Amino acid sequence: MIKYHLAIAAVAASLAIAGPACAQTAEVTIGITTSTTGPAAALGIPERNALEFVPKEIGGVPLKLIVLDDGGDPTAATTNARRFVTESKADVIMGSAVTPTSIAVSNVANEAGIPHFALSPLPVTPERAKWSVVMPQPVPIVGKVMYDHMKAKGIKTIGYIGYSDSYGDLWFNDLKTQAVPMGINIVAEERFARPDTSVTGQVLKLIAANPDAILVGASGTAAALPQTELRDKGYKGLIYQTHGAASMDFIRIAGKAAEGVLMASGPVMYPEGQPDSALTKKPGLALNTAYETKYGPNSRSQFAGHSYDAFEILKRVIPTALKTAKPGTPEFREAVRQALLSEREIAASQGVYNFTEKDRYGLDDRSRILLTVKDGKYVLAQ
C-alpha cells in the first residue's frame, strides 16, 4: 500500500522513514516535492491530487511515496530534495511545480545520482542532463504550434509579457528563436513577478506598442492576471497563453476575459477530441475520468498529468530495473536511469515519451494541441 506522508519542509524528519545507507529494501521509495501552498499552489495541488490515481505497486514491489510541500521556494525545494537523499534514501525524486524549484531539485538529484522527474519545464544543462528527465512538453515544441498559428493568421508584430524568472526567460528566448525568423517582430517586452497583484503599467505599455498579438509567458492562475487586464484595458488583438496556463482554473479566474484566448496545451486537456489511434487518448481519459469523479466536473488539469505520467513511465521502467538490481541501492537507481533510455514509445496522458541521453524531454508533436475558450469551455482552435 502506498504510504502518503503529506508535510511541509519544516515538519519533523520522522515522517521520512529511512533505512541503512545503500541497503536494499522491499519497496521503491519515491520522494515528491511540489508546491501545495504559495503562488504556485494552483499547479502543485493538482500534481499532488493525481497521486491518488497512480499504482500502489509496480512489478510486484510496493511503492512508498513521501510528499512534501516547498511553497514554490527553491530553498525549500532544495531542503526537501536533500531530505529525500539523506533521510529517505529515495530511489526516485519528483518535483517541483515551477521552473525555479525544479532546477533546485535537479541540482540535488544529479549531485546524488538519483533519477529525477521534473514536473515543470527547465533548461537541461550538462550538469543536469544525466539524472533528470522532464515531464512537461519542451517549450520549442509547444511554442511552434502557436507560432504556426500566428503566421497563418497574418500576425506580423507581437508583444510579450511574462514572469521575471527562468520560466519567463524560457518563453521569451523561444519567441526570439522561433517566431522572429518566421517574420514576427517583437515590439514590446514586459515582465512581472509571480506574486504580483497588478500588471496595469506593463499592460498599458504593451497596448501602446500596438502589437497584432500578445504572448503571455506565465503559468497557473497568475496567467489570468495579464489576460484580464489586457481585455479590461481594451486590447482587441489575439492573446496567446503558454501550456503553463492550461487548466480550468484559468477560465474560472479570467472569466469572460478568457473567451477567445489561444492556448498551447498538452493533449490531456482534451483527449475526447483525439482519434482512437492516438496513444495519449486512453491514459488521458483514464486520468480525467478519475480526477473529475473525485474533484468535480471540469476540474481536469494539465499539471495533474505531469505527476500521473511520471508513474506511467515508472510502470515501464521499474520492472526492467528490477531485473538487474534491488530497490534501495545505487545499482537500482542506475538501472532505472538506464531503463529510461531503453524503453521506447511510453504512452502517457501528455505525450509519448522516448528519452535519450541528449533529449531529456523525450517528446514530439504528439504532445501538444492548440485550444481556445468558447462559452467558458476549452475547444480545439481553428
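Arg-337 lies over the face of Trp-131, at 5.5 Å from the ring centre, where a charge counts as sitting over a ring if NZ of Lys or CZ of Arg is within 6 Å of the ring centre and within 35 degrees of the ring normal. This detail, like those that follow, comes from a predicted model, in which local features need pLDDT of at least 70 and side-chain atom pairs count only at pLDDT 80 or more, while totals for chains, interfaces and linings use all residues. Residues are numbered from 1 along each chain as its sequence is written, and side-chain values use heavy atoms, with hydrogens and water left out.

The predictor's confidence in each residue is given as pLDDT, on a scale from 0 to 100. Averaged over the protein, pLDDT is 93, and 94% of the residues score at least 70. Over residues 1–21, however, pLDDT stays under 50, and for this stretch the model has 50 contacts beyond four places in sequence, a contact being heavy atoms within 4.5 Å. Where pLDDT is low, the predicted coordinates should not be read in detail.

The interior can be taken next. A nonpolar core is a set of buried Ala, Val, Leu, Ile, Met, Phe, Trp, Tyr and Cys residues joined through side-chain atoms within 4.5 Å, and buried means under 20% relative accessible area, with exposed being over 50% and partly exposed in between (1.4 Å probe, protein chains only). The largest such core has 93 residues, and those with the most contacts inside it are Ile-30, Phe-117, Met-146, Phe-250, Phe-311 and Leu-314. Its largest share, ten residues, is supplied by helix α10 (residues 302–322); helices (H or I, at least four residues) and strands (E, at least two) are DSSP runs, numbered from the N terminus. A second, separate core has twelve residues, among them Leu-68, Ala-77, Val-105 and Ala-109. Returning to Met-146, and leaving aside its neighbours within four places in sequence, this residue is in contact with Trp-171, Leu-215, Tyr-240, Gln-241, Thr-242, Ala-264 and Leu-370.

Helix α1 is also mostly covered, with seven of its nine residues buried. These are Ala-41, Ala-42, Leu-43, Gly-44, Pro-46, Glu-47 and Asn-49, and the buried residues of α1 pack against β2 (28–34), α8 (248–254), α9 and α10.

In one of them, the rings of Phe-53 and Tyr-291 have centres 6.1 Å apart and planes at 65°, so the pair is edge-to-face. Because Phe-53 lies in the loop between α1 (41–49) and β3 (57–58) and Tyr-291 in helix α9 (residues 281–295), the pair ties together parts that are 238 residues apart in sequence. Phe-53 is partly exposed at 22% relative accessibility, whereas Tyr-291 is buried, at 4%. The structure holds 19 salt bridges, including that of Glu-52 with Lys-294, whose closest N and O atoms are 2.4 Å apart. This pair links distant parts of the chain, with Glu-52 in the loop between α1 and β3 and Lys-294 in helix α9, 242 residues apart. Glu-52 is partly exposed, with a relative accessible area of 35%, and Lys-294 is partly exposed at 48%.

Elsewhere, Asp-169 forms a salt bridge with Arg-191, the closest N and O atoms being 2.9 Å apart, and this pair links helix α5, which holds Asp-169, to strand β9, which holds Arg-191, across 22 residues. Asp-169 is partly exposed at 35%, as are Arg-191 at 23% and Glu-189 at 37%. In the loop between α5 (166–179) and β9 (185–192) lies Pro-181, which is exposed, with a relative accessible area of 63%.

Conventions: Rings of Phe, Tyr and Trp (its six-membered ring) pair if their centres lie within 6.5 Å; planes under 30 degrees apart count as stacked, over 60 as edge-to-face and the rest as tilted. A salt bridge is a side-chain nitrogen of Lys or Arg within 4 Å of a carboxyl oxygen of Asp or Glu.
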